[in-house]
Amino acid sequence: MSRIGVFVCHCGENISRTVDVERVAAEIGKLPGVALATDYKYMCSDPGQGLLKKAVAEHKLDGLVVAACSPRMHEKTFRNAAKAAGLNPFLCEMANIREHCSWVHEDREEATAKAIDIVRLMVERVKKDKALQPITVPITKRALVIGGGIAGIQAALDIADCGHQVLLVEREPSIGGHMAQLSETFPTLDCSQCIMTPKMVDVANHPNIKLYTWSEIEHVDGYIGNFQVTIRKKARSVDMDKCTGCGICMAKCPQKNIKSKFDCGLGTRPAIYVPFPQAVPNTPVIDRENCTYFKSGKCGVCAKVCGPGAVDYDQQDELITEPVGAIVVATGFELYSIAEKPKGSSIKGYGEFGHGTIPDVIDGMTFERLASASGPTGGKILRPSDGREPKQVVFVQCVGSRAREKGISYCSKVCCMYTAKHTMLYKHKVHDGQAYVFFMDARTPGKSYDEFWRRAVEEEEAVYIRGMVSRLYQKGDKIVVMGSDVLVGVQVEIEADLVVLATAVQPRQGADSLAQKLGISYDTYNFYSEAHAKLKPVECATAGIYLAGACQGPKDIPDTVSQASAAAAKVMTLFSRDQLEREPIVARVNERNCVACFSCKKVCPYGAVEEKEIRDRQGNLIRVVAYVNPGVCGGCGTCQATCPSKSVELDGYTDEQVMAMIEAL
Amino acid sequence: MNNTAQKLETATPLDTSCYAAVTDAIRKEASRILTDGTVTAVVGYKAGRRAGTTMPAIVTDPAKATELIFSPACVNNLALYLTKAKKDVVKKGRVAIVAKGCDMRALAGLMGESQLKREEIFIIGVVCAGVKGSGAVNGEPLTTGNLARKCRECTVHTPEGADLTAGTLPSLPELTPVEAEEMARLDAMTPAERWAFWKEQFSRCVRCMACRQVCPFCYCEQCLCDKNRPQAVESTPRPAGNMAWHIVRAMHLAGRCAGCAECERVCPMDIPLNLLNRKMALEMKELYGFEAGLTPVEKGPLAEYKDNDDQSFIK
């Protein structure tokens with residue numbers, strides 16, 4: 001007969017408010033095989049764990065059930081306590097009577113009855129639990145960083161500085177991301193390029209960083225410590241080893257008027273190009289869609305003028321598989337556009353702002369390019385439509401953000417600060433100009449942030465109007481901005497020369513498909529989800545994958561850099577050990593019954609099932625059976641469900657245990 | 001009823017001219033491949049003890065190749081004898097097998113499930129105008145009346161992909177799809193009526209397990225239904241256990257069943273098991289566009305997840 005100890009937690013009042021914990025303990029105490037059933041206010045606290053440890057010794061317990069919160073919360077805690085008490089940790093299970101019961105029910109009677117059922121099931125399961133030993137697997141001490149913006153660069157540099165190899169994958173031709181596009185940065189107004197480009201060069205020169213630009217993640221296999229990543233190196237059409245970066249190809253390319261994505265469509269670039277002069281690597285890419293040679297088969301000027309003969313029109317996409325132990329996802333953001341959205345889309349455009357058809361209505365990033373010394377106007381603020389200097393500029397905040405009717409309810413966090421910055425940059429460049437800002441609230445939490453905003457209002461004379469803009473329309477060469485000033489209680493109409501919209505920060509297009517490749521979760525907006533909002537802000541729920549920057553939620557540069565360094569620290573913590581201890585919740589094959597249909601191999605999402613030959617002493621093949629590699633097995637149990645002869649069992653979740661649980665109901 | 005021949009009033013004899021030619025071809029080929037060592041054994045049919053009947057036979061001696069025959073009485077699906085469940089039937093080495101179109105689907109299925117390797121077997125495909133249903137009198141000629149139900153809707157009279165295909169197909173008449181009509185009748189029932197129908201059918205089951213023993217896809221050496229720790233299916237012939245067994249059987253065959261209907265033929269209680277098999281096959285076709293065919297499929301529809309899989313069953 002088992003001697004099981006059951007500990008029912010009040011969780012303060014979280015459980016005891018709706019569940020009669022004392023009755024649960026009393027009822028469970030009557031079950032055969034239960035040697036002790038008791039309740040306590042906070043089982044996870046030190047005295048709570050002490051109670052559990054003491055009980056193991058006093059009552060000679062051989063199995064434990066802690067009826068409390070979700071095992072995701074505290075399974076480790078109690079298994080460690082069981083271990084400290086001299087019990088195999090896998091003989092301790094949690095019965096979730098909080099998330100599965102007290103939090104979702106109101107009726108005390110019914111909730112108590114359900115809690116008793118839940119605990120009873122777990123008692124049956126523990127009766128059939130077996131002592132399991134942890135599995136150790138080697139760690140590949142090599143990290144993959146996806147995204148070469150400031151987040152990816154910071155994470156890559158930190159990990160590489162610690163002596164570990166890093167692969168940095170960037171989908172654009174150069175690293176740098178959005179920060180390379182910015183003019184000056186708040187709250188100190190230092191030049192973005194000046195602080196960014198040295199870091200980019202550090203990445204290029206770092207002996208531990210392998211850079212894959214113009215590349216994308218094709219496929220990810222494996223698990224923490226042992227990922228296999230397939231990278232698609234897109235055809236650059238330029239041999240990176242031969243190219244010296246002299247730029248003559250770009251100068252001679254007859255296609256000159258392709259809108260530059262880097263300059264938000266304001267500037268132009270040739271068909272063979274680097275996105276900006278400080279690009280890393282300084283190796284051009286041929287934009288095959290716009291290249292005359294790729295379109296018509298004629299031209300070939302770049303190949304003719306290239307001294308080292310680096311231009312290679314026949315280059316093909318290359319698939320490279322690399323082993324890595326940890327992954328940092330830093331894919332960043334993109335700006336919401338007010339353009340018309342496809343029908344049925346949950347996010348709507350702004351018809352009242354002309355759906356982006358008014359040329360002098362631009363977004364914040366376009367303004368950054370106008371204000372940037374390296375931008376298409378050389379740092380002069382000029383209207384895109386006629387190149388005139390705007391004398392009245394209206395900035396509109398919260399376009400898309402905090403706009404439930406448009407489909408986005410979150411705050412984009414950075415716009416209040418960058419709009420304040422924009423008014424200053426504008427004032428510095430156009431002394432007789434006037435900036436107006438329509439805002440809902442000025443949100444400036446951050447070191448020196450509020451001071452910065454007040455400077456914009458008080459010293460740089462930006463006129464802040466609290467209220468929303470209802471309509472924008474072109475009138476002659478002016479844009480009429482119709483809004484309200486809710487503090488004064490009047491309607492406002494301003495004839496502006498230029499309107500700058502602080503549009504919402506959204507995850508990158510395709511963020512969801514990358515998440516699916518990586519097996520990480522994401523929210524309704526496609527921002528990647530951290531494992532715990534407060535206590536695990538950089539880890540994904542998928543072990544070995546970490547988040548950095550705006551792909552997890554809108555962030556400014558200081559926050560992004562902090563998170564990137566935090567993610568790097570997590571990677572280094574993982575790499576500080578040579579072997580990883582894994583939970584032994586893995587599948588095991590009964591080789592006597594396995595008929596080698598390999599259904600398990602076909603369904604295994606981890607690629608953990610191998611074919612194993614059983615031979616006699618003379619080496620004659622007796623039979624072939626399935627074998628689950630415990631290092632690779634993720635413990636999902638799909639093989640167990642699939643096996644037609646029930647020859648695969650998941651330790652800790654055997655058929656016998658599950659059937660016993662069902663029968664106990 | 002069921003696999004039993006349909007005693008239709010308009011029973012007309014079928015053209016059985018191909019069987020003699022097929023028999024000749026099998027004998028010749030079996031003798032050749034046994035003599036030259038291509039194979040160590042030929043799994044085929046020979047005459048049964050009673051006139052007009054046949055039985056499965058394994059020939060290893062080229063001199064005995066003349067014992068092999070093919071006739072409308074060759075009902076068995078011989079693919080069964082190549083599976084692990086019957087591991088001692090065929091000794092080691094490459095073997096040849098006489099296979100009708102329906103049997104070849106089973107062979108293809110077994111290949112897809114890693115149970116057979118194409119290069120390890122030699123397939124003597126036979127052209128088949130149909131075999132007799134189980135109620136037919138020994139020795140009576142094959143007619144539209146005593147034809148097995150499955151043969152009335154056969155789409156694989158001439159097998160493809162065999163190492164040798166013996167015989168040429170005579171012209172065959174259009175026949176009423178008796179089984180399809182029966183399926184339509186069941187489909188038209190309300191769920192309660194259908195439940196009652198199957199409850200009645202399964203109540204007769206004596207759990208002899210002949211359906212399992214004859215099925216080429218029930219090749220597990222240890223059937224989960226025989227396990228007792230934990231016991232998934234009650235093993236005595238009582239209603240709950242009977243229902244559980246037949247549901248397990250049908251579900252385990254979904255996306256795999258080759259449609260040979262051997263389970264129904266051997267059932268001593270005349271349970272129309274092939275109706276269940278065909279219903280599952282129909283579901284597979286409607287949900288995943290999958291049909292058991294003559295080419296091995298490595299990942300069956302139920303072993304694979306695709307983004308565009310039908311999700312409508314989750315409501």
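Begin in chain A with the open sheet of 3 strands, which run in the order β11-β12-β17 with antiparallel pairing. Strands are DSSP runs (E, at least two residues), numbered from the N terminus, and two of them pair if DSSP finds at least two bridges between them. This is a predicted model, in which local features need pLDDT of at least 70, side-chain atom pairs count only at pLDDT 80 or more, and totals for chains, interfaces and linings use all residues. Residues are numbered from 1 along each chain as its sequence is written, while chains are lettered from A and ligands numbered from 1 in the order in which they are written.

Next, select β12 (residues 226-233) of chain A together with β17(A): they pair in the antiparallel sense over 7 bridges. Within this pair, A:Arg232 stands opposite A:Leu319 of β17(A).

Move to A:Trp214, in the loop between β10 (209-212) and β11 of chain A. Its phi is near 50°, a positive value in a residue other than glycine. A:Trp214 is buried, with 22 other C-beta atoms within 10 Å (buried means 20 or more other C-beta atoms within 10 Å of the residue's own, with C-beta atoms placed from the backbone).

Then select A:Cys264, in the loop between β13 (258-259) and β14 (268-269) of chain A. Phi of A:Cys264 is near 55°, also positive in a non-glycine residue.

For the last stop, pick A:Phe186 and A:Pro187, which are joined by a cis peptide bond with omega of about 0°. A:Pro187 sits in the loop between β8 (184-185) and β9 (190-191) of chain A.

Key: Helix = DSSP H or I, 4+ residues; strand = E, 2+ residues; numbered from the N terminus. Buried ≥ 20, exposed ≤ 12 C-beta atoms within 10 Å, placed from the backbone.
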